[in-house]
Amino acid sequence: MKKIKTFAQIIFILCLAYLTVSAYSAEDVQKKTVIQKGPYLQNVKTDAITIMWETNAPGASIVEYDEMETYSKIVKDDKEVTIHEVTLTGLEIEKTYYYKVTTGNASARGKFRTSPRRDTPFKFAVWGDNRTDVLSHTAVAQAIAKAKPDIAINVGDVVTNGEKYEQWGAEYFIPIGVFARNVPTFIAIGNHEKNAHWYYDFVSQPGNEAWYSFDYGNAHFTIYDSNQDYTPGSEQYKWLKKDLASPEAQNAAWRFVFKHHPEYSEGWDKPGYTGEPMMQHFLKPLYEKNKVDIVFAGHTHDYERGFLKGVYYIITGGGGSSLDTFQQDFPHITVYKSEYEFCLVEINGNKLNFSVIKPNGELIDSFEIQK
């Protein structure tokens, strides 16, 4: 009996020690600052860039940076926040910088390149509808990282429900962490984001962050919000019409448009959805008149390529969501693939190479435009 009692006492003491250590560790973790999202790059320009990250506890935002990993320059914001947003200005065009972000006792490093000169080759990735299936999105994100794009644009539905905070990390920021600290990202907001405040909290994009445009190299990028009114007379339509006809767009060698919903859709999970008739009626004429080269969309979970009156229409919705398999038919849509994928666009002056790549690296479509 004595041995049993002694054994029981030992077990009790070990359990008590474990609980004490566990309680201490939990308390220690609460005190320690942890970077939960990022760092990730936003709104790159020829002379500026924004760096964002999120921490588990409020603290100051510090960014150290330089052309070498000496981090001799520093920008600091003493306001204690959890979502950190620091803009670096006065940078040199087409220059690589190394940076380090710090909040409390947490830090992380990355690098970026400012927007290039007009005659410099560059490439960008496009993907979308990555919500829900984290493993599939992670595989697509890793493939994007291997492609080493200069910028990356998501055509929406980055989370299942934009009002649920935890999904922004699990479904979007954690998977893209393999490239987002070194590659600036942009989002064309989708319907699943629900126009929630978390979208605006977690991005730093030009304009009102829902519809905006920017120039990169010799290309003009126009992003609009297909969830909001875009019919003639609306604020967004007026902006879109003005932007596509602007000197910035018309003087660019290439013009690209991004939004979530497609004009035409061959694939869907069941019969019924064939695209957006109001886009076909009101916006398609704007693309044609202003000589847009490629219009990108998501919403349908597949890859589709169409060509109509001088404009390529691309659906790249194979970013992670369950794939659509029912196929309808539009004569001008010549390629349909129910696959997880992303698009890679390589620009070299007046030459464009377009590739569609599966997570395993397999090429499933490609074409070239020579102006």
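Colleague: Which residue in strand 20 does N353 stand opposite?
Modeller: N353 stands opposite E368 in strand 20, where a strand is a DSSP run of E with at least two residues and a helix is a run of H or I with at least four, each kind being numbered from the N terminus. This is a predicted model, in which local features need pLDDT of at least 70, side-chain atom pairs count only at pLDDT 80 or more, and totals for chains, interfaces and linings use all residues. Residues are numbered from 1 along each chain as its sequence is written, and side-chain values use heavy atoms, with hydrogens and water left out.

Colleague: And how many bridges join strand 19 to strand 20?
Modeller: Seven bridges join strand 19, residues 351-357, to strand 20, and the two run antiparallel. DSSP has to find at least two bridges between two strands before they count as paired.

Colleague: What sheet do six strands form, and in what order?
Modeller: The six strands make an open sheet with mixed pairing, in the order 8-7-6-18-19-20. Strand 8 (185-187) and strand 20 (363-370) are its edge strands, and each of them pairs on one side only.

Colleague: Switching over, what about the sheet of seven strands?
Modeller: That sheet is also open, its pairing is mixed, and its order is 9-10-11-13-15-14-17. Strand 9 (212-216) and strand 17 (333-337) stand at the edges with a single partner strand each, so one side of each has no neighbour in the sheet.

Colleague: How do strand 14 and strand 17 run, parallel or antiparallel?
Modeller: Strand 14, residues 303-308, and strand 17 run antiparallel and are joined by four bridges. Within this pair, the bridge partner of R305 in strand 17 is V335.

Colleague: Which strands does helix 5 touch?
Modeller: Helix 5, residues 235-245, packs on the sheet and touches strand 9, strand 10 (219-223) and strand 11 (254-258), with contact meaning heavy atoms within 4.5 Å. Helix 7, residues 277-289, packs on the sheet too, and the strands that helix 7 touches are strand 11, strand 13 (294-297), strand 14 and strand 15 (311-316).

Colleague: Where is P277 found, then? And is it buried or exposed?
Modeller: P277 is found in helix 7, and P277 counts as exposed because its relative accessibility is 55%. Exposed means over 50% relative accessible area, buried under 20% and partly exposed in between, using a 1.4 Å probe and protein chains only.

Colleague: How many residues apart are P277 and Y264 in sequence?
Modeller: P277 and Y264 are 13 residues apart in sequence, while in space their C-alpha atoms are 8.2 Å apart.

Definitions and conventions: Axes are lines fitted to C-alpha atoms, for helices over the stretch in contact, and angles run from 0 to 180 degrees between N-to-C directions.
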